[in-house]
Every structure is written in structure tokens, then in C-alpha cells.
Amino acid sequence: MNETEKKWAFWALACAFMVDFLGYAFIVPILPSWKQEFDLSNTEATLLVSLWAVPLFFLGPKTGRITDKLGAGRTILFSLFALTVASLLYLVAMKITVVDGFIVLAIARLIHGASGAAILTAGFAAASDIWPKKFGEISGKLIAMATIGGLLGPVIGGVAYTIGPEYAFIGLALITALIIPIVYVTTRELGHGGEPAQGSVPLRVFIQNPVLFRIGLLVMMTTLATGALEAGIPLFLEDNLGLNAAWIGAVLLVMVVAQGIGGWMWGALVDKNGPVRYMTIGWYVVTVAMLAAGYVAYSISDTTLAAYCIIVILGIFQFAISAAQVPMLPMVDTATSQVYGKGGAGLAFGAFGTAWAAGTIVGPMVIGPVYDYTNSWGITLGILAIPMFIGLVITLTNRQLLDDCYNSEMSKRFESE
């Protein structure tokens with residue numbers, strides 16, 4: 001594959017990641033409105049965010065096997081069609097009268113999540129195959145593009161929904177559909193698939209392998225916190241500042257800009273210096289950030305001042321969490337290649353997606369009930385420091401193991417030139 005074809009392949013993957021996360025984050029500023037319209041509790045409202053990750057949790061390995069067999073290009077192409085349909089179902093949920101609209105919302109969210117799971121798995125598998133020596137940089141850029149989607153989602157969703165639900169969800173479907181031709185013309189470059197080189201790798205190997213198992217735990221810790229914040233912060237902003245959907249989207253923009261910049265930067269640094277040092281930095285900062293957010297919300301009586309302080313703290317958190325997340329992708333890639341060869345990359349990233357989804361599911365399901373029970377944003381935000389500290393401990397106690405795995409595999413790749 002020449003450089004021009006690689007550039008087309010990258011932009012096809014980048015666009016697919018962007019619209020995937022655009023749809024994921026699109027509903028976040030709309031949650032308070034849906035909470036009132038459908039008479040939902042905080043727990044039910046945040047459940048809609050968690051539902052996106054349920055198919056990723058259960059179907060991650062399955063989408064990996066599909067990717068290894070059919071190829072990343074065709075897997076992503078089909079998923080984009082499904083994303084378009086799911087976008088329109090959100091609008092149907094608000095108009096339908098023969099069944100409970102909340103049920104249709106849940107179905108749309110599940111379809112969206114299943115499609116998103118396939119895009120993530122297939123995209124990372126394709127990237128690891130096309131750029132084996134620059135996977136840290138490329139995966140960081142893809143995460144950054146996904147973050148841009150997460151950035152645009154709340155802004156577009158909040159503003160468009162304020163104008164009218166039709167503008168919001170028909171617009172989301174059109175944006176998603178526009179990416180289909182880009183992926184279609186790059187299907188060959190992204191890979192047609194075939195049987196994995198090492199045959200069918202059983203899922204249990206990703207639990208038994210010490211490196212992959214630890215990486216799975218770390219991934220779950222990061223997404224638990226980010227999923228909780230994405231679901232809880234709109235409710236926090238409405239409670240403390242009385243912001244509407246458009247303004248909530250603007251605040252979330254600050255957070256995801258920080259994460260997008262971090263993802264791009266940390267990915268390039270990983271290829272130069274290895275992943276573990278940046279993972280350690282990230283875990284230290286996010287642990288302190290969550291403690292600080294909880295302290296500010298609990299101790300500052302001026303709710304407006306507290307809210308603005310927390311927005312700044314969460315911007316720092318989002319920048320640092322990418323230092324913990326992005327290096328895990330090259331760790332998964334190198335650990336899988338070292339132990340099982342090139343075959344089964346899709347399955348490896350499918351298993352990674354399952355860990356990612358586990359945290360995304362648990363996070364919103366924690367923050368809603370905790371706030372309903374305590375009625376304190378200080379406790380609700382501060383408690384998220386616990387999974388961050390667990391991630392720090394896992395990284396520090398396994399630092400040498402992770403370093404040895406990454407360095408030995410990358411040495412083999414450069415020696416094979």
C-alpha cells in the first residue's frame with residue numbers, strides 16, 4: 001500500500017470514528033429535556049448513556065471475529081448504515097404514541113451501540129495492520145478524531161434540539177450517511193478480511209494473559225470515570241447553573257477539546273518513548289483531579305463559583321485521562337502480536353472494547369444512584385477518585401511487566417525492516 005492509499009485509509013477511519021462518537025455524545029445535553037418529557041429519574045436518564053455500551057460489552061469479541069473474517073472495510077460500511085437508521089429512531093421515539101417512547105429510545109441506543117462497537121473494533125484492527133510501527137501515533141489520532149465527534153455531538157445536538165427535534169436527529173442521520181461513500185471507496189485499503197493467520201483465537205486467552213488482563217482492568221477504570229462524567233455533568237450543570245441544552249453542550253466542548261488535544265499528543269509521544277510513563281502521569285493527575293472536584297463541590301457554598309471551578313478541573317481531567325487511555329491501544333497491539341502473532345487483531349480489539357464498555361456501562365449507573373441517594377455532588381464526584389487510584393496502583397505495580405512486553409515486541413518490528 002502506497003502513502004496516498006494510507007492517507008485515504010486514515011481519513012476513512014477518522015471520519016467513521018468521528019460520526020460514531022458524535023452520535024454517542026449527541027444526546028448528552030438533551031438528557032435533561034428527556035428527563036422531563038419522559039418523567040425519568042436521574043438513574044433512568046443516565047441509563048440511556050450506559051445503554052450505548054451494552055452491545056459493545058456483549059458483542060465486542062463477536063465484532064472482532066466478524067472483522068477478522070469479513071475485513072474492516074465491509075464491517076465499518078455496514079455499521080454506518082445501521083448508525084443512520086438508529087439516528088432516525090431517536091426522532092421516532094419522540095413522536096410515537098402506540099408504545100412508550102422511552103422503549104424506542106432504548107432500542108435506538110442499543111442499535112447505535114452495536115454499530116459503534118463494530119466501528120471501534122474494525123478501525124483499530126485495520127490501523128494496527130496498516131501502521132504496525134506507528135500504531136501509537138495513529139491510534140492517538142483516531143481517538144482524537146473520535147473526541148472531535150464527542151466535541152461536536154453535544155454542541156450540534158444541544159443547539160439543534162433547542163431549535164427543534166427534527167433538525168437534531170434528521171441532521172445526525174445525514175451527517176452519518178455522508179461518511180458512507182468515503183468508507184466505500186477505501187474498502188480495499190482497510191482490508192477485505194479472511195481467516196486469522198493464527199486461526200481462531202479463543203476469548204479466554206485475553207483473560208489468561210497477564211498483560212492483556214491488566215490492560216483490560218485499566219481500560220475499565222478510565223471509561224468508568226468518563227462515562228460517569230458524561231452522564232452526570234449535564235445534570236450537575238442544570239442543577240447548579242440552570243443551563244439549557246445548548247449551554248451544556250458548550251461546557252462539554254471545553255472538556256472534550258482537552259481530551260482530543262491530549263489524545264493526539266500522547267499518541268505521538270508513546271511511539272517515541274513507550275507507553276507506561278505516560279500512563280503513570282495520567283493516573284496521578286486524574287486521581288488528584290477527582291478529589292479536587294469532589295472537594296470543591298462539597299466545600300464551596302457558592303454553587304455558581306463551584307460549578308465554574310469544576311469545569312476547569314474537569315478540563316484538566318480530560319487532558320490527563322487521555323494519557324492513561326491512548327497508550328493502552330499500542331499495549332494491546334504489541335501484547336497480542338507477541339503472544340499470538342498477527343492473527344486475531346480484530347478479536348483482540350473486540351476484547352479491548354468489552355473492557356471499554358464495561359466501564360462505560362458502570363459509570364453512569366454509579367453516578368445517578370449515588371446522587372439520588374446522597375443528594376450531594378461533592379460526594380458523587382469525589383467517589384470517582386476511587387477507580388482512578390485503583391488504576392494508578394495497577395500501573396505502578398505492573399510497570400516492569402508492561403514495559404518489557406511493549407519494548408520486546410517493538411524491537412522485533414524494527415529489526416525485521
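Residues are numbered from 1 along each chain as its sequence is written. Because the model is predicted, local features need pLDDT of at least 70 and side-chain atom pairs count only at pLDDT 80 or more, while totals for chains, interfaces and linings use all residues, and side-chain values use heavy atoms, with hydrogens and water left out.

The protein has 20 helices and 0 strands, where helices (H or I, at least four residues) and strands (E, at least two) are DSSP runs numbered from the N terminus. Of its 417 residues, 60% count as buried, that is, under 20% relative accessible area with a 1.4 Å probe, protein chains only.

A nonpolar core is a set of buried Ala, Val, Leu, Ile, Met, Phe, Trp, Tyr and Cys residues joined through side-chain atoms within 4.5 Å. Two such cores are set out below.

| Core | Residues in the core | Among its members |
|---|---|---|
| Largest | 105 residues | Ile76, Leu80, Ile215, Trp283, Met290, Phe317 |
| Second, separate | 24 residues | Ile27, Ile30, Phe102, Val104 |

To the largest core, helix 12 (residues 210-241) gives the most, with 14 residues. Leaving aside neighbours within four places in sequence, Leu80 is in contact (heavy atoms within 4.5 Å) with Val19, Ile119, Thr176, Ile179, Ile180 and Val183.

From helix 7, Ile156, Ala160, Tyr161 and Ile163 meet Pro165, Tyr167, Ala168, Phe169 and Ile175 of helix 8.

Conventions
Buried means under 20% relative accessible area, exposed over 50%, partly exposed in between (1.4 Å probe, protein chains only).
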